[in-house]
Amino acid sequence: MTTVRPSNVQPRADLATLPSYVPGRSIPGAIKLASNEVPAGPLPSVAKAIAEAALQVHRYPDTGAGELTARLAAKLGVPEAQIAIGCGSVSLCQQLIQATCTERDEVVFGWRSFEAYPIVTHVVGAKQVRVPLTSDHALDLDAMLAAITPQTRLVFVCSPNNPTGTLVRKAELDRFLAAVPSNVLVVLDEAYFEFVTDPDAPDGIDHVRERDNIAVLRTFSKAYGLAGLRVGYCVASEEIAAAVRKVCLPFSVNHLAQAAAIASLDAEEELFERVHEIKGERVRVRDELIAAGYDVPETQANFVWLPLGEHTAAFNEHCLEHKVVVRAFVGDGARVTIGTPEENDIFLAAAKSFSR
Ligand SMILES: Cc1ncc(COP(=O)(O)O)c(C=O)c1O
């Protein structure tokens, strides 16, 4: 029997109120539509690059991720100095706050949005300012602008927004950026950028060329299918990118991740065929849900949002009974990742048999 010894070493008291990040659940035998992953495994060319890179794991990785940085710089048409690679874009969210905020500062974000924003803000001790979404489940940029105070150092704009899938359109973003004070960093989180089809969508990189107070986040976890390897990137002014690199945990972007990301850039055409299929399935799933009587906001990501309110927990249970794992935010709604057509059919059958 183990006995718990009392410890004199106490963690920071304020961490008691810090919610833990809740990952999507994996249940053996069930279909996982809970983490916005893509359903297909790595392409043979990417698996080969990972296997080859595995032979080098007795060496530390290139902590500056030089080759990947050079590839991204060429692809995006920005200087290498404006790019910071991170151990997933979630790490870059934290690094951006560490690089810009202290406990005297405020961080503004829409709510509900990506679950990690409150956590990474709290860890640094900065104050969270959550701005409710519009009745259409979209970010309310006017209200977010109004929430900026002299203490605000950073604003997260998640587009498409996780978990609602809604997009901030170009004109709206232009207006917002023009009005945000120049000493406030806008972090445009484009984790789902490759799934966007709306012709009025902005491309964050264009804005980085125009102004110093915007940082764009992208990831290899979603459309590129490398969630398990942890690699994302930030494009910002040279000064911000350098600060983000400074607070990076050394060697946290491992060698396999770097090799797989480069191989995925080489295989973009093939990977984006898969993304194209997901975009088609996203339309089908949403249309069928709407026909079944659900309210589903228009989504530009690889998931749909069902604002089920008080019915969310029951919906979650019902889906589990049908061996489908969705991501439930109890009292608010359920986020469901687009899977393969067969997986989507099983989910749709579950959704259609749910009685509210
Ligand atoms: C909006 C958003 N940003 C960032 C991330 C983090 O992605 P990763 O750390 O895997 O790059 C996620 C993951 O779900 C996300 O939804």
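Colleague: Where does P160 sit?

Modeller: P160 is in the loop between β5 (152-158) and α6 (170-179), where helices (H or I, at least four residues) and strands (E, at least two) are DSSP runs numbered from the N terminus. This is a predicted model, with pLDDT of at least 70 needed for local features and 80 or more for side-chain atom pairs, while totals for chains, interfaces and linings use all residues. Residues count from 1 along each chain as its sequence is written, and side-chain values use heavy atoms, leaving out hydrogens and water.

Colleague: What is the peptide bond from S159 to P160, cis or trans?

Modeller: Cis, with omega near -5°. The β5-α6 loop also holds P163, and the N162 to P163 bond is cis too, with omega near 15°.

Colleague: Why is α3 called roughly perpendicular to α8?

Modeller: Helix α3 (residues 89-100) and helix α8 (residues 238-246) pack at about 105°, axes 8 Å apart. Roughly perpendicular covers 65 to 115 degrees, so α3 is roughly perpendicular to α8.

Colleague: Which residues in α3 meet α8?

Modeller: L92, Q95, L96, A99 and T100 do, against I240, A243 and V244 in α8; contact is heavy atoms within 4.5 Å. By class, that contact has six nonpolar, two polar and no charged residues.

Colleague: Why is N36 called buried?

Modeller: Buried means under 20% relative accessible area, exposed over 50%, partly exposed in between (1.4 Å probe, protein chains only). N36 has 1%, so it's buried. Phi of N36 is positive, near 55°, in a residue other than glycine.

Colleague: And what makes R230 partly exposed?

Modeller: Its relative accessible area is 29%, so R230 counts as partly exposed. R230 isn't a glycine either, yet has a positive phi of about 70°.

Definitions and conventions: Axes are lines fitted to C-alpha atoms, for helices over the stretch in contact, and angles run from 0 to 180 degrees between N-to-C directions. Angles under 35 degrees count as roughly parallel, over 145 as roughly antiparallel, 65 to 115 as roughly perpendicular and the rest as oblique. Ala, Val, Leu, Ile, Met, Phe, Trp, Tyr, Cys and Pro count as nonpolar, Asp, Glu, Lys and Arg as charged, and the others, Gly among them, as polar.
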